[in-house]
2 protein chains.
Amino acid sequence: MIRPAFATDRDAIWKVIKPVFREGTTYAVDRKISRQQAMEYWLESSRECYVAEAGGNVVGTYYLRTNHAGGGSHVCNCGYIVSAAARGKGLASQMCKHSLSEARALGYRAMQFNFVVETNTGAIAIWERHGFEVIGRSPKAFDHPDRGLVDALLMHREL
Amino acid sequence: MIRPAFATDRDAIWKVIKPVFREGTTYAVDRKISRQQAMEYWLESSRECYVAEAGGNVVGTYYLRTNHAGGGSHVCNCGYIVSAAARGKGLASQMCKHSLSEARALGYRAMQFNFVVETNTGAIAIWERHGFEVIGRSPKAFDHPDRGLVDALLMHREL
């Protein structure tokens, strides 16, 4: 079940996103980010935030926000994180599908991911299955903890 | 003369950037942005902000900031605005050159422009002369007041 996040979900969201930020292999976020900063980044800076529940637990979350202001405000941006325990069950794909539907309902005309780390091949494959195309590549834009400098992709689809 | 902006430059900076935001043809910024929001966007969100002076007046300004946090923090981003009266004299080019030097001094490894409106051909030509390459294109990403939906370019150069 995917539903809008409530204020009472903050602990659960932090549990899901904290390990991913600490690992530092997929998001361009300070690995030492505080809980408060992470909440600002994931929740307060977003137009909408959703959680995915399974068995009464929050096992995934995604945010949806306007990617650029003014003349760019018809394009949205999303970020998705699945808890380690819930991976490999298609949840990222379900959240992506959900977000595309929500974005259309909110009136956006396109969705763009600004910074997809090229080593995150599982995610890239999912976004491509959902109609996203690589429209740009920032060379050596991400300093991967294990791989060193790798590229970041810009991915996009119309809605 | 290009120098770091002081708090006392806020009025002068607003005078330079306000008409460009109100016109809405080059920056993905709300055309009705308030002075306070504009100062947050241009100054407070930036690592550094500079002004260009001529004859004792501020005739241009640019900001320099880290483009992405965490593993992306070795890449910076800049935005430049020249006052209407001072255009056509090479000031954007001078500010770009200055920013490349400052960015190197601050330890950045690359500079990226995330949203160059494709109709802003004068600016694109200047960035290309300064070694920037187009590394991505967001289709129909910008709703131009006169031209309708146009593309936005991602431009990049190593430092």
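This is a predicted model: local features need pLDDT of at least 70, side-chain atom pairs count only at pLDDT 80 or more; totals for chains, interfaces and linings use all residues.
The contact between the two chains draws on 28 residues from chain A and 28 residues from chain B. On the side of chain A that touches chain B, three strands each supply at least two residues: strand 5 (110-117), strand 6 (133-144) and strand 7 (148-158). Strand 6 of chain A provides the largest share of this side, with nine residues. Sorted by class, the residues of the side of chain A that touches chain B comprise 13 nonpolar, 11 polar and four charged.

In general, two copies of a chain are related by a rotation about an axis and a shift along it. Here, chain A is superposed on chain B by a rotation of 180° with 0.0 Å of shift along the axis, and the RMSD is 0.0 Å. This relation is therefore that of a two-fold axis. Among the residues of chain A, the closest approach to the rotation axis is that of Gly136(A), whose C-alpha lies at 1.8 Å. Both copies use the same surface, in that 96% of the contact residues of chain A recur in chain B.

Strand 5 and strand 7 of chain A run antiparallel and are joined by six bridges. Within this pairing, Val117(A) is placed opposite Ala152(A) of strand 7. Strand 7 of chain A is likewise antiparallel to strand 6 of chain A, to which eight bridges join it. Opposite His144(A) stands Gly148(A) of strand 7. Strands 6 and 7 of chain A form a hairpin, with three residues between them.

Strand 1 (residues 2-4) pairs with strand 2 (residues 48-54) in the antiparallel sense over three bridges. Ile2(A) has Ala52(A) of strand 2 as its bridge partner. Strand 2 of chain A also pairs with strand 3 (residues 57-66) of chain A, again in the antiparallel sense, over seven bridges. One of the bridges in this pairing links Ala54(A) with Asn57(A) of strand 3. Strands 2 and 3 of chain A form a hairpin with two residues between them, and Gly55(A) in the turn has a positive phi of about 60°.

Helix packing was examined for two pairs in chain A. The axes of helix 1 (residues 10-23) and helix 2 (residues 35-44) of chain A come within 10 Å and cross at roughly 100°. At that angle, helix 1 of chain A is roughly perpendicular to helix 2 of chain A. On the side of helix 1, the contact consists of Arg10(A), Ile13(A), Trp14(A), Ile17(A), Lys18(A) and Phe21(A), which meet Arg35(A), Ala38(A), Met39(A) and Trp42(A) of helix 2. The residues of this contact divide into seven nonpolar, no polar and three charged.

In the second pair, the axes of helix 3 (residues 91-105) and helix 4 (residues 121-129) of chain A come within 10 Å and cross at roughly 40°. Helices 3 and 4 of chain A are therefore oblique to each other. The crossing of helix 3 of chain A past helix 4 of chain A is right-handed. Helix 3 of chain A contributes Ala92(A), Ser93(A) and Cys96(A) to the contact, and helix 4 of chain A contributes Ala123(A), Ile126(A) and Trp127(A). By class, the contact has five nonpolar residues, one polar residue and no charged residues.

The corresponding helices were also examined in chain B. Helix 3 (residues 91-105) and helix 4 (residues 121-129) of chain B pack at an angle of about 40°, and their axes are 10 Å apart. This angle makes helix 3 of chain B oblique to helix 4 of chain B. Helix 3 of chain B passes helix 4 of chain B in a crossing that is right-handed. Ala92(B), Ser93(B) and Cys96(B) of helix 3 meet Ala123(B), Ile126(B) and Trp127(B) of helix 4. The contact of helix 3 with helix 4 in chain B contains five nonpolar, one polar and no charged residues.

Technical notes
Residues are numbered from 1 along each chain as its sequence is written. Chains are lettered from A and ligands numbered from 1 in the order in which they are written. Two residues are in contact if their C-beta atoms, placed from the backbone, lie within 7 Å. Helices (H or I, at least four residues) and strands (E, at least two) are DSSP runs, numbered from the N terminus. Ala, Val, Leu, Ile, Met, Phe, Trp, Tyr, Cys and Pro count as nonpolar, Asp, Glu, Lys and Arg as charged, and the others, Gly among them, as polar. Copies are superposed by least squares on the C-alpha atoms of residues with pLDDT of at least 70 in both. Axes are lines fitted to C-alpha atoms, for helices over the stretch in contact, and angles run from 0 to 180 degrees between N-to-C directions. Angles under 35 degrees count as roughly parallel, over 145 as roughly antiparallel, 65 to 115 as roughly perpendicular and the rest as oblique. A crossing is left-handed if the near helix is turned anticlockwise from the far one by less than a right angle, and right-handed if clockwise. Two strands pair if DSSP finds at least two bridges between them.
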